[in-house]
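Hi,

Here is the structure I promised to pass on.

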Amino acid sequence: MAIFAACPTTARATRFGVHRGRCIIALGVLSTLIICATARTNFATDQTPKRRIVIEVGALLDGRGQVLRDTRIVVEGSKIVALDPKASPVDYDLRRFTVLPGWIDSHVHITWSFGPDGKNAGAEQTTQFAAYQSASNAWLTLMAGFTTVQSVGSPTDLPLRDTIAKGAIPGPRILTAVEPLEGKGDKTGTPDEIRAFVRKQKQAGADLIKIFASASIRQGGGMTLSQDQLNAACDEANKQGLRTLVHAYKDAPRAAALAGCTQVEHGTMATDDDLKVLAEHGTYFDPQAGLVIENYLANKKRFLGTQGYTEEGFAAMERAVSLDHDIVRRAVKIPGLKVVFGTDALAGSHGRNAEEFIDRVRDAGVDPMSAMVSANSLAAEAMRMGERIGSIAPGYEADIIALDGDPLKDVTAVRRVVFVMKGGIVYKNVPRGAVPAYAGVQP
Ligand SMILES: [Zn+2]
């Protein structure tokens, strides 16, 4: 059994202004993870010296498409302050690994879990069991190298987002849409009612607005909002300073781009001409090449018979596998189209988000460096956080991960995350060969 403990025990100022010494022990082979947050909770002042950490790297993907070699990353508090090959003393020697910014998943459902009976329980449960499942989803996601996720469509995201942001439990930085706007044709409401709904989400604490403009792919994916309704939703969100993510198939991606929405999700069955309209409008595009459907098919018994999941729906998803490879393959060839990384992680796929990289590269012909950038600087830019996360450079949050292997040569290296730092705190540091067994495997 391999046991390794990474225990930066010196108090430091976090970005939340709290001093904590944290100790995380990874029992690799048992895939058991224990976190002990030693509760040295003093109150920080601006005069407190920040703890300095030096990480030595051999190969560094900077998140923007460049490979840097043989340097040292200097972290103070929660931020990267320098790249300096002479910095010392070295706290973490990651020269045998590939180092890159913590990944960003633009589309997850972080609270969506299986219930105590093992069946799909959705994202809205408020039982104690569901709360622990949500905390587990967050932990697995962070351990898989994802330091920021955008969770699109459940009020149950809010307490999880805020608890993680306080540093009380480990997990990725979460942005949430709170309650999504569900397209239901005329029943969705008038443009004014839709505008009021958008403002209500902002008041509830939404970081963005999620809009369903198409039915599910299991029901054919037809449009569920008129152009006027979509215009109202995205225009109001723009006025409120919020981004919009639009669930859209077939004709709906084009309609979303024309409405001035920020980002289109899924996009299955959109034509190349539709995708060109997205590129012209600067609309970000987040298609899924595989994980979400693979996960549904692998867990069919756990979804079937729960709300929204029928045999016919599963048959439609089986047909969609090749359509999804096709949309990603075509999207990355459209000049100027900004394709970001999002997995649609839900019950069964939390912590396996990186499988989507493998699907994109292996099944949809995406260049591995583009795949990495799509989950680093490009995803950060799409979230309007491009100055803060997604790159390894001075001034950025110290969100740093390391892989055992080179994802540019063998994309399956994304399953072997051996080091995770988020906001200057090390949450995972396991030696070669001791990656927890669940990485890439159904938990
Ligand atoms: Zn989704």
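Which residues of α1 are buried? They are Ala 130, Ser 134, Asn 137, Ala 138, Trp 139, Leu 140, Thr 141, Leu 142 and Met 143, where buried means under 20% relative accessible area with a 1.4 Å probe, counting protein chains only.

Before the rest, some housekeeping. This is a predicted model, so local features need pLDDT of at least 70 and side-chain atom pairs count only at pLDDT 80 or more, while totals for chains, interfaces and linings use all residues. Residues are numbered from 1 along each chain as its sequence is written, and side-chain values use heavy atoms, leaving out hydrogens and water.

Back to α1: helix α1 covers residues 128-143, and its 16 residues should span 22 Å at 1.5 Å a residue (the expected span is 1.5 Å times one less than the number of residues). The end C-alpha atoms are 23 Å apart, which agrees. After α1 comes Gly 145, with a positive phi near 100 degrees.

Now the zinc ion. Its protein donors (N, O and S atoms within 2.8 Å of the metal, or 3.2 Å for Na, K and Ca; water is not among the atoms, so sites may look incomplete) are His 107 through NE2, His 109 through NE2 and Asp 344 through OD, lying 2.1 Å from the ion. Along the chain the donors follow the spacing H-x1-H-x234-D. Both His 107 and His 109 are buried.

As for the whole chain, it has 12 helices and 18 strands (DSSP runs numbered from the N terminus: H or I of at least four residues, E of at least two). Of its 443 residues, 60% count as buried.

Cheers

Conventions. Buried < 20%, exposed > 50% of the residue type's maximum accessible area, 1.4 Å probe, protein only.
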